[in-house]
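Please look over the sequence and structure shown here before reading the briefing.

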2 protein chains.
Amino acid sequence: MNNYKIIAMIPARMGSTRIPKKNIRILGNKPLMQYPIDLCMMCDRFESIWFNSESEELGRIAEKMGVNFHKRPDELSSNKATNRDFVYEFLKAHECDYVVMVNTTSPLLSLNTLNNFIDFISEHDFDTVLSVVNEKTECFFKNEPINFPLSEKINSQYLEPVARTVWAMTAWKRDTFIRLQESGSNPVFGGKLGLFSVPKDESCDLDTEEDWNIAEGMILSKERKPSPRYYL
Amino acid sequence: MNNYKIIAMIPARMGSTRIPKKNIRILGNKPLMQYPIDLCMMCDRFESIWFNSESEELGRIAEKMGVNFHKRPDELSSNKATNRDFVYEFLKAHECDYVVMVNTTSPLLSLNTLNNFIDFISEHDFDTVLSVVNEKTECFFKNEPINFPLSEKINSQYLEPVARTVWAMTAWKRDTFIRLQESGSNPVFGGKLGLFSVPKDESCDLDTEEDWNIAEGMILSKERKPSPRYYL
């Protein structure tokens, strides 16, 4: 177990496009942006926690909620700004071994999963760690099977999973990220790559109104936890 | 548009393993097995609708709900019975051009999507049609990227999707299925294969208690449909 210096970064913009103002929209009983903030504050493994936004308004709210505010330059906040640019700008300003980016779009992430993610980083020497959901079902790419033969029906428990990236949490080694970015390479998937598996029901990604409904439904149902009822 | 004779088949067992007695467990306001039954009955494209089970008890409930009961031999109802065997047994007993298998494990499927699925069948000449969810995110198989280059971060809107099979609805051409099964080939993915894309929020698959919670939450949230509330 390495004793890396790890910091958290929560990126958010005021001008979200597909779900307007989603970061301050109330999901369940609190605004979306508060989910990763509360989660990171419950975790005792971060040396510091930074909310990264172009918006002074969101920044003030984040500070009130208990985390630091990193004001991102406006030019890195358009729809077209890539994460490689704003993560680079952030890392140049903050010393650490690793940054863990925790997205506001994954409000169902549990503390247990975040801690496991940090253990996973600490037990290895990755340059990049992505969070993924392992799909144990027959998958196709361009109409061709990826993880199964057409000639057999294999019980899905025995299928080799396809891992789909969910961006709930992403970790980068600071030195590698900066070096790759400055040499013109893509640092987002750079160097030695680790894939960390996230439980499916913590992985929702809030890109559309549909996703919002799903997440809200899941939060409601976690609060309810009724015992099973049967027809007979 | 071909005027195929299409029949519906809803398979269900009493002895579900991962979620006990799931077919008669109440989800939202009705038992799980009633979701595909109601859905198929709302659809005017089926010549007949069959509930396929080993259980006389489930069969009687299905008949009361308004569909036909096909009693499956007990030996095709164990945990190990594959769908190729019970679909074959069913198809031998029922004339049609196509059978559409609608699973009880996808209660969120809409009539609109089922109708689109039947249009998709009718407009082509497939032997097998699977329902899939298109995942527009970076996917890996055995740690290797499937649909993106590591050297670039491509906006996910522009990624070629990976299609994951959801088994919400599956269609088979009767003649092909029977011929392949009798010649010892696998009919499940047999012949000319079509992939039909299902909206993500209709695709939940009820394999685990987690999945059940997600589905129940989504049903609750569809009923609520509140207007957005904001923190500011």
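The model is predicted, and local features need pLDDT of at least 70, side-chain atom pairs count only at pLDDT 80 or more, while totals for chains, interfaces and linings use all residues. Residues are numbered from 1 along each chain as its sequence is written, and chains are lettered from A and ligands numbered from 1 in the order in which they are written.

**Interface**
- Chain A gives 47 residues to the contact and chain B gives 48, two residues being in contact if their C-beta atoms, placed from the backbone, lie within 7 Å.
- On the side of chain A that touches chain B, the largest share, nine residues, comes from α6(A).
- Because 100% of the interface residues of chain A are also interface residues in chain B, the copies meet through the same surface.

**Helix α3(A)**
- In helix α3 (residues 83–93) of chain A, the buried residues are R84(A), F86(A), V87(A), F90(A) and L91(A), where buried denotes 20 or more other C-beta atoms within 10 Å of the residue's own, with C-beta atoms placed from the backbone; helices are DSSP runs of H or I with at least four residues, and strands runs of E with at least two, numbered from the N terminus.
- Among the elements that cover these buried residues are β1 (6–11) and α5 (174–182) of chain A.

Technical notes:
Buried ≥ 20, exposed ≤ 12 C-beta atoms within 10 Å, placed from the backbone.
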